[in-house]
Amino acid sequence: MITWPNFLSQLFNGAALGALLALISSGLTIIYGTLGVLNLAHGAMFMLGGYAGYAVYAATGSFLLAVVGGSAALVVVGALLELVVIRRFYGRPPEDQMLVTFGIGIVVVELVRLGFGSLALTVPPPAAIAGVTPLGFIIYPTYRIAVLAIAAVVLAVLYVVLYRTRLGMIVRAGIEDSVMVNMLGINVYRVFMLVFGIGAMAAGFAGIINAPVVALTPDMGDAVLVETFVVVVIGGVGSFPGAIIGGLIAGEILSLTAMVDPSYAQVMLFVVMTLVLILRPQGLLGQQGRA
Amino acid sequence: MTDLLTVERINSYYGDSHILFDVSLRVARNEVVALLGRNGAGKSTTLKTLIGAVRARTGRITFDGAEVQALPPYATAALGMQLVPEERRIFGSLNVEENLILAGLTAKGRWPIERIWGMFPRLKERRRSRGTDLSGGEQQMLAIARALIRDPKIVLLDEPFEGLAPIIVRDLVGVCRTLAEAGQTIIVVEQNIQAAMTLADRAYVLNNGHIVEEFSAATMRAQPEVLHRHLGV
Amino acid sequence: MPRRKMILPVLLTALGLILGRFLLPWLQVAPDTANQVLVWGMFGIGFDLLFGYTGLLSFGQSAFFGTGGFIAAWLLTNDVMGSVLAALLIGTIGAAAAGVLVGLIALRRTGIYFAMITVAIAETFFFVENSPLSAWTGGENGLPGVPAPVFRLGSLVWKVGTGWSMYAFLAGCFFVAMVLAMRIVRSPVGAILTAIRDNPLRARAVGHAVGHYKLAAFVVAAAYAGFAGGLLGVLQGFMPPDAFTFDTSGQLVMQTVIGGSATLFGPLLGAAVWLSLRDFLQAGMGLGGAWKLVLGLVFVLLVCFLRRGLIGGLESLFARRGKAAPDEAAAIDLAAPTLSSVGPSPRRRAAPRFDGPVLEAKGLTKIYGGLSANRDIDFSVNEGELRAVIGPNGAGKSTFFKMLTCEVTPSKGSIRFGGRDITGMDVARVCQLGLTKSYQVNQLFGRLTLRENLMIAALAERRGLFRLDLLRSLDRVPGLATQVEQTLGLVGLTARADLPVAELAYGEKRRLEIGLALAASPSLLLLDEPLAGMSPRERVETVQLLKNIRRGRTLIIVEHDVDVVFELAERITVLHEGRKLAEGTPAEIQRNSFVQEAYLGGVAAA
């Protein structure tokens, strides 16, 4: 039975999930746009972020430190991956790039399994934002509201970094024409490293703030990776605004379909993706000719 | 006077296609040198090899006392070389001012932006326009401005006047001439030979990847048939 | 395209499978491990055809593995069908049908998009199986009680049991699957698939319906997956729902890459490594879950350093044959009088019978984002003519040329070839009509030999746009070998015919580029800067080649080297700023002051 409160709360769920998906997808899409590499280890980065946050939380008991420490760790992991592995693959075919990032994903998952075991781990939400909040005629978990707010803030920060700072200027220019950036005296490889770090961090950050909502398991990245693909296919690969729109659309589809029949939620998502592919193959905000 | 740039017997390839064959040339400080030749002669490849966007397989390039043939483009650019590429390669998602700021980020001695605006008042008017919205002439101005803001020791201009309306060509030639008179060292590749020769002190002619002729501007004016031999139909 | 003799590999496969029955127990390999390896090996044969041979990396093969498996298992556990083989066959057909549907969507894109879409669609299958269809599939419980086959021949009854008895059944299935795959690989379709992997653009340009062939490969791979999925149920007596998971697809990809792609046996080897490493590390070393970490690391290292996998590594270890340095070989070729003495010329398609110009373009205009690259160009070429198109940089020559070959659709105007309107027609179809071109930048099939390269082009002329002769041997295509030999002779590369393209000198590749266009037997051949990037010596050779091939053909050539143009062309069209500036004999063009002006930019008057 669909009621108004039910509908509103699902709408809210969809927005929270969508913001999270948008965050993860923007990481994938920034990396692809700048480096031209589809990172199949992106789901693993999401998972790793959760575990890094868990480790910091276990050591310090502070959720805030967990978020900060986990994000920082993911920047380092991403940058190192670019430096040690990805850099060898810029001149190789996209299939090889996908294979190697897929392999990296497996290695990361298995390392986490080795370190933390396969059992689900949970991180409690910080006390200040635990509990429920009455929102007019629905009652809603406070932390989920916080997730929506935090994800929106981080997306805004990413937007500011990308569109209002010098680094962002270089990244945007690099997405267009990295060779020309190089010829203007800017070491693009250093930029690439940083971009991979930021992209991994976006996924990892989402992993941490999602940890109080969904328990951590080493395999949790797979499903997220697939949903991220759908988001960027819908929004347009390489487009930051596309990732945000695509994320919100995907979040709402998942959550509104689940209200009618949960078993069709994922199926509906893929139906929409297929429709987009048929009607607008480059994605809603994608540019013709890219990829 | 020592040469700012010396190129000794470089050989460049695209994949396995051999483009430049033992190309040697030199450019003195404050000199404007033109590279002439028909389509496909290897002029653009020469410029790309100088900046490091195409790696010379053999040979040596000495720029301002440093060997640069093995350096990546950003390092060569940091030493004071700037290429204004044929396709202009303006960043369409950045506006005019951002294009300029980006170019100046890592420059050692940067031009104040006012000096750019003074040289290209048109760009100042359009400073907030995105690169994609500029006309061909404006894009070319911006491409040149983007190189100048880094206060380069040498500017490599690849077909700066191609595809532009005559009136804009006249303006741009004027700008280049002012630069040359102020002592800016330039290598210019141009099909519009008249425009090139009003700027250049000296010219090399490339044919099928070989340097086949070198002459001064005076020679060219005295004996135009030299040009006909190499460039005419 | 490997060597075409099949008897030896078939015998070796049979021998290996039979020996396995006796050697493996002696090596203390558990029969269940061997059987799993066979099932994954079969699953992988199809994937290798798709990825290794056609170059399409799908991360969604689990969709078909699961579909085939569950259809077969459902038929068998619900007593709809008694015969296991029949159920397997129906499962295979079901998977192939799913392959058609998925392929039609996923093949709309290539590269990373294709990979992402296959992943997403496979996940859809998983979710559909898991809940909406759980009444049929058992949802998370899968389908238990899948029977093993029973074979009757007269009074003889073989009831397949577990262990080594099952091995015999699976080995038989593997043998059939492998022999079929070997035939596919050696068929014209197999050859075309490798060409699509190496260079889809050129495969299309020589006249193959690339999209259809890709779909064919996709469906074949789905069928193999479906068959293997069915066997998984039979082997385990139970159809597990995790056949549908992303992990399954991932494992398949990893096994294939570890073993070596484009080998057919790679997936089998990869599965053997995978499963034995698992058994060894898990049971033997007590390392528990670490086995997958080790495999992951091995996989990453292989992708980084040994992309062709274990089989590829072994091959290059054993195949250290001495290779002639390109320069040396080129010198030999030049000494041989192949280029100047003209052998039999490869055949040409009969030009369409038509009075009037072979090619006639009217009012050709191309506008890119408001800027016109070409405006109102009228152009016509007569039968047997050699026409050159020249013009300074930015004159619009390349756009114009691409419109003539239908690579670019004109914004306005029309093109008629042999009296037939070809405006907006597909490139492959235009080539089938007898119009093709050689490219300015070599577009070869990089991993094939020279002979195989030419064969690809000749096949298009022999077989038409699309044909599904999956089981026909390449040797059985009438006239193919002659056509290839003649083209080889014409471009002077007979001595180098069996070298991979990568080992040729640049000038030789350039001639092969022209040879590819010739082998498609065009009646009208367009040459885009045939001399681009050549050394002086190579230029001389190529000019001679152009003189040879012009006999009886209509040629249009775009070339920067005006000396060559004036030497060769009968008539010259000059483009300037997107328009036709002049047209005439070389002498007329040389006298034309507009042309001089355009080329010299102002100093011509002097």
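Predicted model: local features only at pLDDT ≥ 70, side-chain atom pairs only at ≥ 80, totals over all residues.
Axes here are lines fitted to C-alpha atoms, for helices over the stretch in contact, with angles running from 0 to 180 degrees between N-to-C directions.

- Helix 10 (residues 265–279) of chain A and helix 5 (residues 111–130) of chain C cross at roughly 145°, and their axes come within 9 Å.
- The crossing is left-handed.

**Chain B against chain C**
- Chain B puts 21 residues into its contact with chain C, and chain C puts in 20.
- On the chain B side, strand 2 (17–28), helix 8 (193–199) and helix 10 (225–231) each give two or more residues.
- Strand 2 of chain B has the largest share of that side, with three residues.
- That side of chain B has seven nonpolar, 10 polar and four charged residues.

**A sheet in chain C**
- Four strands of chain C line up as 6-5-8-9 in an open, antiparallel sheet.
- Strand 6 (371–381) and strand 9 (420–421) sit at the edges with a single partner strand each, so one side of each has no neighbour in the sheet.
- Seven bridges join strand 5 (residues 359–368) to strand 6 of chain C, and C:Leu364 stands opposite C:Ile377 of strand 6.
- Helix 16 (residues 397–404) of chain C lies across strands 5, 6 and 8 (412–417), at about 125° to strand 5.

Conventions: Residues numbered from 1 in each chain as written. Chains lettered and ligands numbered in written order. Left-handed = near helix turned anticlockwise from the far one by under 90°. Contact = placed C-beta atoms within 7 Å. Nonpolar A, V, L, I, M, F, W, Y, C, P; charged D, E, K, R; others polar. Pairing = 2+ DSSP bridges.
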